[in-house]
Amino acid sequence: MREPEHEVGPWGATVPAPETEARVAELLVRMRAGALDASDLDKAVVFGPGLWSTWKLAGLNSDEGIPYMARVPIGDRSVVAHGRAVRFDALPPFMKSDVVTSMAHHFANGEVAPATEAERRLYFTGIAWRIAGEPITVVRKQDETLVVILDGEGRLFILEILSPWYQLLTGGESAVEKYQPAAPSPLP
């Protein structure tokens, strides 16, 4: 783990990681082409609540993966955030799906960089672990910021977008809060 120059909170200050940033740029190009290989993926990729909720509200009809949810404190209330972990045999075809390749196409020519303190803080809003001192890589476009976390072997681990968290924290309409899937019906 790299130590930040000064710790601002559990999200920490910017931590540059040039090798990781280069790897993220490379992965986005291959993801855009639907050409990720086995060495790019481990057993699962986590799609954060901001990204998954946005996709679902835009019409993604896939229910691949294992749903996860978390109660996220926002001011004086709690929001239930829903994401997915797509894993095992479902992962390679999902990573070739139109929704993933379109997302990668959008971000493949973005600015790949270490997350700023503000971006780290937004990302930290939806997670339950400290990230101070850890490199967090983002891909910036004019309309959105993608967070890409790799595992220790340089494989895709987490994909998330930040605008739904920003909207949630600033009182706007957020996909994280808007997307609330219906509970399964009780067993007969």
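A residue is taken as buried when its relative accessible area is under 20%, and alanine 108, at 17% relative accessibility in this predicted model, therefore counts as buried. Alanine 108 lies in the loop that connects helix H4 with strand E4 (111-114). When neighbours within four places in sequence are left aside, the contacts of alanine 108 are with Leu28 and Arg32.

The axes of H1 (residues 18-32) and H4 (residues 98-107) are 8 Å apart and form an angle of about 135 degrees. Angles over 145 degrees would count as roughly antiparallel and those of 65 to 115 degrees as roughly perpendicular, and the two helices are therefore classed as oblique to each other. The handedness of the H1 and H4 crossing is left-handed.

Within the largest nonpolar core, which comprises 30 residues, those with the most contacts are Leu28, Met31, Phe47, Trp55, Met95, Leu156 and Leu159. At least two residues of this core are supplied by each of H1, strand E1 (41-47), H2, helix H3 (91-95), H4, strand E6 (145-150) and strand E7 (156-161), and the largest share, five residues, comes from H4. Methionine 95, one of the residues with the most contacts inside the core, touches Met31, Leu36, Leu41, Phe47, Val100, Thr101, Leu156 and Leu159 when residues up to four places away in sequence are not counted.

Helix H2 (residues 49-57) is largely enclosed by the rest of the structure, because seven of its nine residues are buried. These buried positions are Pro49, Gly50, Leu51, Trp52, Ser53, Trp55 and Lys56, and one of them, Trp55, is also listed among the residues with the most contacts inside the largest nonpolar core. After H2 comes glycine 59, for which the phi angle is positive, near 110 degrees.

Methods: Residues numbered from 1 in each chain as written. Predicted model: local features only at pLDDT ≥ 70, side-chain atom pairs only at ≥ 80, totals over all residues. Heavy atoms only, no water. Buried < 20%, exposed > 50% of the residue type's maximum accessible area, 1.4 Å probe, protein only. Helix = DSSP H or I, 4+ residues; strand = E, 2+ residues; numbered from the N terminus. Axes fitted to C-alpha atoms, helices over the stretch in contact; angles between N-to-C directions. Parallel < 35°, antiparallel > 145°, perpendicular 65-115°, else oblique. Left-handed = near helix turned anticlockwise from the far one by under 90°. Core = buried A, V, L, I, M, F, W, Y, C linked by side-chain atoms within 4.5 Å. Contact = heavy atoms within 4.5 Å.
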